Amino acid sequence: MIILGVILLVIGFVTGISILWTIGIILAVIGVILWILGALGHSVGGRKHYW
């Protein structure tokens with residue numbers, strides 16, 4: 001999810017499409033939050049680790 005967010009950020013920045021930029025930021029932030037929760041040992045989606 002983080003990688004997809006970064007890809008959308010880059011595409012949105014290069015093409016100037018603001019909706020891609022916004023969606024990319026949202027996906028990257030959610031991905032980082034899930035990654036941190038998984039690293040701290042909290043269950044994410046019923047699993048102990050988020051990959």
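Q: In this predicted model, why is Ile23 called partly exposed?
A: Ile23 has a relative accessible area of 36%, and since partly exposed is the class between under 20% for buried and over 50% for exposed, Ile23 is therefore counted as partly exposed. Ile23 is found in helix H2, and its C-alpha atom is separated by 9.7 Å from that of Leu4, a residue 19 places away along the chain.

Q: What makes Phe13 exposed?
A: The relative accessible area of Phe13 is 61%, and the class called exposed takes in values over 50%, so Phe13 belongs to that class.

Q: How many aromatic pairs does the structure hold, and why is the pair of Phe13 and Trp21 called tilted?
A: The structure holds one aromatic pair. The ring centres of Phe13 and Trp21 lie 6.0 Å apart, and because a pair needs centres within 6.5 Å, these two rings qualify. Their planes stand at 40°, whereas stacked would need an angle under 30 degrees and edge-to-face one over 60, so the pair is tilted.

Q: How do you know that the span of helix H1 is close to the expected one?
A: Helix H1, which runs over residues 2–15 and has 14 residues, reaches 20 Å from its first C-alpha to its last, and the span expected at 1.5 Å a residue is likewise given as 20 Å. After H1 comes Gly16, whose phi is positive, near 80°.

Q: Which residues of H1 are buried, and how do you know that they line one face of the helix?
A: The buried residues of H1 are Gly5, Leu8, Leu9 and Gly12. Seen down the axis of H1, these buried residues fall within an arc of 105°, so they line one face of the helix.

Q: What covers the buried residues of H1, and which exposed residues does the face turned away from them carry?
A: The cover over the buried residues of H1 includes helix H2, residues 18–39, while the face of H1 turned away from its buried side carries the exposed residues Ile3 and Val14.

Technical notes: Residues are numbered from 1 along each chain as its sequence is written. This is a predicted model: local features need pLDDT of at least 70, side-chain atom pairs count only at pLDDT 80 or more; totals for chains, interfaces and linings use all residues. Side-chain values use heavy atoms; hydrogens and water are left out. Helices (H or I, at least four residues) and strands (E, at least two) are DSSP runs, numbered from the N terminus. The expected span of a helix is 1.5 Å times one less than its number of residues. Buried means under 20% relative accessible area, exposed over 50%, partly exposed in between (1.4 Å probe, protein chains only). The arc is that of the directions from the helix axis to the C-beta atoms. Contact means heavy atoms within 4.5 Å.
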